Amino acid sequence: MARFKNKKKLFVKPVVKKNQPNVNHITGDKIPKSFVFSRGKLPGPVRQLQMDLRKLMLPYTALNLKEKRRNNLKDFLNVAGPMGVTHFLILSKTETAPYLRVARTPQGPTLTFKIQEYSLAADIAQSQLRPRCPQDLFKTPPLIVLSGFGTGEQHLKLATIMFQNIFPAIDINTVNLSSCQRIVLLNYNKDTKLIDFRHYSIRLQPVCVSRRIRKFVQNHQVPDLRNLQDVSDFVTKAGYGSESEADDEAATVTLTSDIGRVNRASAKSAVRLQEIGPRMTLQLTKVEEGLCSGGVIFNEYGNVSEKKKHEDADENMVTDEADEEEENEDNDEDQEEEDGDNEAESGDED
């Protein structure tokens, strides 16, 4: 007699992900969100720079954004509206240098930066003796600090507004100090006309507390007291830093709330910044009215030689060249199919 198994369909409860809010419930402002993607082919280091920028823009960005060669700018723009995306960061590479375009959706403006130099986050970590990257470091957006942009020039005013609006605004009266984990610093040098782009993590250390006591409280580990005659030797033993590792008054703040187990309210803590990357040196070359199109508000090269005009135009042609390559590949495939059909028909006639 045959045995029949009772096949029951398994019910798997779907995992429902909580959508990110579009409006700050405290300030009432719209939370800016971003897409970081590329146009054209990128070499390996620039591709890694793209991933570093996505991580920097967390949590209000698509970290695992899928890109295809067929996608054009309109495809990203069509998806940006329903998802509440307000800014595009577009990387491209020409024969001369990589470029970064920062655009406001859906109608612009667009700022084009030439990346003169850059260092990846991995390079920054390898250069440090003790790199620091806690797990919750990217759960909150970074703070933005601009320096040297107040020259009164129109293109620098637009750059200031763009960078200020690309990250969520904070209210100093209601902000949670524990959420201030990172900071993005942009410094404009009016002599060289270059922008230094830096990304730091913020770390607080209590003042007038020995390093041994601080490590004991943070690590929850029982100290080794076998070679000590008194517990006071553990606190005052030489060679483990002074009683205060930060005596500079400009680097100390008085906290209004407790942060962690060591930094307490109404106590002074020293502010430490540690670079986590990526690091870039940018040159603002062009400002356009629209989204990667429209009238040119500012052009660094101006009406100079035709060579520099072509160098500036090469960056805008990356998208068109990628689309043309895709169209040529599709046409070649269609031609191969037609040739195959013709050969089959001629064979049938024979």
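**Group meeting: aromatic pairs and cavities**

Start with Phe 113: its relative accessibility is 0%, so Phe 113 counts as buried. Buried means under 20% relative accessible area, exposed over 50%, partly exposed in between, with a 1.4 Å probe and protein chains only.

A word on the model. It is predicted, so local features need pLDDT of at least 70 and side-chain atom pairs count only at pLDDT 80 or more, while totals for chains, interfaces and linings use all residues. Numbering runs from 1 along each chain as its sequence is written, and side-chain values use heavy atoms, with hydrogens and water left out.

Now the aromatics. The structure holds five aromatic pairs. Rings of Phe, Tyr and Trp (its six-membered ring) pair if their centres lie within 6.5 Å; planes under 30 degrees apart count as stacked, over 60 as edge-to-face and the rest as tilted.

Phe 37 and Phe 76 are stacked, at 3.9 Å centre to centre and 10° between the planes. This pair links distant parts of the chain: Phe 37 sits in strand β1 (residues 34-38) and Phe 76 in helix α2 (residues 73-83), 39 residues apart. Helices (H or I, at least four residues) and strands (E, at least two) are DSSP runs, numbered from the N terminus. Phe 37 and Phe 76 are both buried.

Back to Phe 113. Its ring centre is 5.8 Å from that of Phe 163, with the planes at 40°, so the pair is tilted. Again distant parts of the chain are linked: Phe 113 in strand β4 (residues 110-119), Phe 163 in helix α4 (residues 154-165), 50 residues apart. Phe 163 has 7% relative accessibility, so Phe 163 counts as buried.

Next, cavities. How many cavities of 30 Å³ or more does a search of the whole structure find? Three. On a 1 Å grid over the protein atoms alone, a cavity is a set of points where a 1.4 Å probe fits but cannot get out; lining residues have an atom within 4 Å of a point. A volume is the space filled by probe spheres set on the points, which are joined across faces, edges and corners.

The largest cavity has a volume of about 90 Å³. Phe 163 is in its lining, and so are Leu 53 and Leu 56, among others. Helix α1 and strand β3 (98-104) each supply at least two lining residues. The buried residues of α1 include Leu 53 and Leu 56.

The second largest cavity has a volume of about 50 Å³. Its lining includes Lys 33, Ser 34 and Phe 167.

Key: On a 1 Å grid over the protein atoms alone, a cavity is a set of points where a 1.4 Å probe fits but cannot get out, and a pocket is an open set with protein on both sides within 12 Å along at least five of seven lines; lining residues have an atom within 4 Å of a point.
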